[in-house]
Amino acid sequence: MSTSAPRTLADQLRGWSEQQLSALLDARPDLAAPAPHDSSQLAARVVVKASVLRALDGLDTLELTVLQAVVQETDPAALGVPAEAVEQALDRLRTLALVWGSPDRPVLVVREVLRLPDGPPPEEVPGLLERLEPPARTILDHLAETRADGRWSGAAGPTADLVALGLLVHVDERHVRLPWSVRLELDAAAGRRVDAPPEPATSERAQALVDRAAAGAAFELVRRTELLLDRWGTHPPAALKAGGLGVRELRTTAALLHVEPDVAALVIETAAAAGLLDQGMTDDVDAAWLPTDAYDSWLLGSPARRWLVLARAWLASPRLVSAVGGRIGDKPVNALSPDLPRSWLVALRNDVLAELADLPADHALAAGTGVASLTQRLRWRRPRRPLARLDQVAPMLAEAALLGIAGLDAMSSFGRLVVAGEDPTDALERLLPAPVDHILLQADLTAIAPGPLEQELARKLSLVADVESRGGATVYRFAASSVRRAFDAGWSAAEVHDFVASTSRTPVPQSLSYLVDDVSRRFGTLRAGHAESFLRSDDETALTELMHATGAESLRLRRIAPTVVVSDVPLGTLLPRIRELGLAPVVEAVDGTVRVARPDVFRARSRRRTPAGAGARTAAHTAAVVSAIRVGDRSTAGRPTRGASASTPADVIAMLRQAAESREQLVIGYVGNDGTVAERMVTPERVEGGQVTAYDERSDSQRSFSLHRITAVSRPG
Amino acid sequence: MNDGPLIVQSDKTLLLEVDHEQADACRKAIAPFAELERSPEHIHTYRLTPLGLWNARAAGHDAEQVVNVLLTFSRYAVPHALLVDVAETMARYGRLRLDKHPTHGLVLASNDRAVFEEVARSKKVAGMLGERLDDQPGAEGGAVAVHPSQRGNLKQALLKLGWPAEDFAGYVDGEAHAIKLDESDWTLRAYQQEAADSFWHGGSGVVVLPCGAGKTLVGAAAMARAQATTLILVTNTVSARQWKSELVRRTSLTEEEIGEYSGARKEIRPVTIATYQVLTMRRKGVYPHLELLDARDWGLIVYDEVHLLPAPIFRMTADLQARRRIGLTATLVREDGREGDVFSLIGPKRYDAPWKDIESQGWIAPADCVEVRVTLPEGERLAYATADPDERYRLASCTHAKTLVAEQLVKQHAGEPTLVIGQYLDQLDELAEHLDAPVIKGDTTVKERERLYEAFRTGELDLLVVSKVANFSVDLPGAAVAIQVSGSFGSRQEEAQRLGRLLRPKAKGPDGTQKPARFYAIVSRDTVDADFAQNRQRFLAEQGYAYRIVDAADL
């Protein structure tokens, strides 16, 4: 703080050290974008209502109460709060430039926003309160608790009595407000503490337990995301015209993932936030939700790396996923719908996670009361934010638990690292199940992978067997159709035998060998031609069987030789029909080689993403802005008219604001209604909405001047 | 990471690694609340179902125990959602109670207002509830009168709503009748006593015991506890006769006190054994034999083989809620998925034998299942290829090649008691002629059947050709070899049951080892017959039987 009282806010800022300026810009990042030219412009921005409101919303209850006291011109020391706390709060208010000068005075807008009627003298209040009827007292207590205005139509009743007594003040036609002295008294009576936040209700829980649960959730998330996108790569769901995903598709997905629709919505939204999922076009040129090409590279990472991508995306996502499945107004809310982003969500999430991270070591939120106490604490931290937002605390904790950032109502160790912006992969890697390289084969034709399989192995295995159950382990089932799928993809019987024998820890059951041999024996018994669409087989009986199969008439088969059948149905139509009949034809290319079919997989392009808002806050940027302001200050200081007059619009506004803040007189050049420029001596009071409200010396009254008609401003003398 | 034997899957199945050192402890711990679904050689699959959890709850386990077991034995982190789900599901049981009321008869009550309102307003139960009763002591959530005749329907409906009620309304004593166990030359095994006791303390419910563990005796012990007239419902006549002879032998009851109520005889005595079939028989849209249920003031109703209980019996049972009911079965799993009806109408599981006992009782009989594959001769193959789909199975089943293989097998096992089982009568006749053995078919008289069985049992005969009817005969002990030439045996569950019966573990040999029973199935390669064989193979493997495939040429 400068020792001598500064004349204007701009002067004070000019006198601030670089650290102080940086602190201000860090705390109120909106001031720095775009970078202000010099301190006077900065000072002008500091007092703009929108920016001040934003700063006020970031204050906690203690800071707000101290600021209120300053506004009410009460000594903050009289609040019954330890002097040290008051001084800390004041320091922060000064840093934020919400109060300035010496003694501390609030900037005008703060006074305007916060100022309460003074009310009856404090010594009379207890007496007045004592005589109140219970309904009236309830009204007062409620208003003090919620810090809101009351509504009153003017009708007789307890509210009217309270107004008559001066315990409530009529602020406009419909509203009454609790005056300052009454509020102080009620706060004291209710024992509301302003100097410390309410403690969260906790219970003991070992960090190791929390980590285990969270790692399980993290692993599930990665697995579900992979399952989801794998499925959507081949069976993309249509995108709704209004954007978003249909309710039925969401339900199907929930069934696929074995979860409730709200969890499925979270998985989908998180994948989209991470850029793994986006709208694209399928072959039929329908808008659909498809995995992006980023998904392919995501797949290559270790589970911990993959999780990190998802967790970071969730942390930065402003989308209100908990609203999916509900209604806003009368409109149902779909997953991936464009209506979901909420500007305040990320800030609230950061607050919630910060509180969770602040819990004592080896403690978790108590069951039942924990969330409520956390909400109370958040309310203390940010009393000016709308209460309805705190409804999101519980869903947010649930989401964090599903992500694995939290577990069992406490922060996981690796979640803490992610939130702090550090690399959690090592910590997480240790907790995740190690990939296994073998399976257990059983006589009922199931293969069980007793843990997450290595990727290459999993890919191969899912080709020859169908997945039956997922989770920590995966259960695969071999069936004729799945083995045939492998043959269709070009495997030979010997390869399949080798593969199962080499990956299984248990002996290959005889039934499986028989199955593979049975399929291989029947596989390729028929060969279908491309150009002429022919079916040929060395096995005459097989062809006879085909010719007599039910439904074979529509294939228009004609037997041209004991071992050859032709058809005029295009091969693309013919082939699936024949497979439906239970046969296993192989398609031959023109040169007689066997063609290998692979199901088509769709991909969308990944969207280019610019990290939101993060840049403006980086220390490097702040430093650049601070030095820019300094340079601006130096260059204006060089000019002879520094601070004495202004003619550019930006300077004019800055000077007017400054004058309003410090109650200075100014001479303005003003274009009158007749088009002539006249000089007027004024004392500005408020600058907003393109108007300056000022006291005009000449007419001895308050007048409004349009900013755009002001040609120049200068200090008198 | 915990190195436990259990892996909890997200679809609520539990995989248990059998060779793990903690596998036994784990199996014991999860048995009360998880249903065994498959038990192949390395990894057993259990499933968590709401019913299983409610059964555990009824047996006095709580969610914390269940969660603790899962966390203790699980190799990987257990999905949090699953734990929450377990706790929530278990908390649902017993929120609602059915109580006796001095003036209103029966009352549905709850201490939980929200749950009570949800249920009371539900359309599904609307017709079953009477007037609301206020200020019932011990029912802070609310209470409502229920007509006693709706007791069963209400319980069924509540289960469907997901709020199973606990039934505290008690039972009528029924007409007294002295019954006591006659333990002069045998004694009740400890677990049988335990099963009867826990049934009696629980009121009504199901006792789960493996085949051959003496379920009949548990029923007899329950009757001795009840000391009242008893209605016993069994699957078929042969089984009814077996019950009768067991009861005469093991209790103070005499032949005259036990009646048989079946297609052949309609006797109503203090202890009456009726078949499901006769009860469910319909004539002109009505069940003429339904009045049997009210013919006497029964004090106890015994349901044999609960998992086979036909659906109409459920409807009839709904009206019998005031009587004590005991269900006896080897498995709670029903092919038709009506486990919920068993739970709500007969009662929760009251007793489950520990695994070790099951094993020593030969639940998994050391049976050797062999699939013999024959190739259709070229001519028959062509006939098969050109046949109608509904004819194909018959063609594939009745090939002459099978007769030859059966003959060869019979020769190999000459001297051992052998059964040849088939579905098609022509084929059976052909076989009987070829093998020179008597044949039992549907039209064989009961008398003749019993004569042949008796001869087979005593060793006078060592080869019988039987049709499907043999599936329903309960007492064919001594068959060491079974050769199945055709026939899909109804549900897979039923097949395993019959197989278990047919292949009872034999008396131990001089060296103390059991000679495993052989079960041959002759299957035509590359036909629908082979497809059916696949299902059987899967099921038998899931039940833990050894299964081999051989070529007819390699025999």
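Let's begin in a loop of chain A: Asp700(A) sits between strands β26 (691-696) and β27 (701-706). Keep in mind as you look around that this is a predicted model. The backbone at Asp700(A) has a phi near 55°, a positive value in a residue other than glycine. Is Asp700(A) buried or exposed? Asp700(A) counts as exposed because it has 7 C-beta neighbours inside 10 Å, and the cut-off for exposed is 12 or fewer.

Now hop over to chain B, where another aspartate is worth a visit. Asp436(B) belongs to the loop between α18 (425-435) and β19 (439-440) of chain B. Asp436(B) is not a glycine, although its phi is positive, at about 60°. How many other C-beta atoms lie within 10 Å of Asp436(B)? There are 10, so Asp436(B) is exposed.

Stay in chain B and turn to a helix. Ala25(B) is part of helix α1 (residues 23-30) of chain B. With 15 other C-beta atoms within 10 Å, Ala25(B) is partly exposed; that count falls between the 12 or fewer of an exposed residue and the 20 or more of a buried one.

Next, let's see how two helices of chain A meet. Two packed helices are described by the angle between their axes and by the distance between those axes. Here the pair is α18 (residues 370-381) and α19 (residues 393-403) of chain A, whose axes come within 10 Å and cross at roughly 115°. The crossing of α18(A) and α19(A) is right-handed. Which residues make the contact? From α18(A) come Val371(A), Leu374(A), Thr375(A) and Leu378(A), and they meet Val393(A), Ala394(A) and Leu397(A) of α19(A). Sorted by class, this contact of α18(A) with α19(A) has 6 nonpolar residues, 1 polar residue and no charged ones.

Finally, step back to where the two chains touch. Chain B gives 34 residues to the contact, and chain A gives 33 residues. Several elements of chain B supply at least two residues each to the side that touches chain A, among them β1 (6-8), β2 (13-17), α4 (80-92) and β23 (546-551). Which element of chain B has the largest share of that side? The answer is α21(B), with 4 residues. By class, the side of chain B that touches chain A holds 17 nonpolar, 7 polar and 10 charged residues.

How values were computed: Residues numbered from 1 in each chain as written. Chains lettered and ligands numbered in written order. Predicted model: local features only at pLDDT ≥ 70, side-chain atom pairs only at ≥ 80, totals over all residues. Contact = placed C-beta atoms within 7 Å. Nonpolar A, V, L, I, M, F, W, Y, C, P; charged D, E, K, R; others polar. Axes fitted to C-alpha atoms, helices over the stretch in contact; angles between N-to-C directions. Left-handed = near helix turned anticlockwise from the far one by under 90°.
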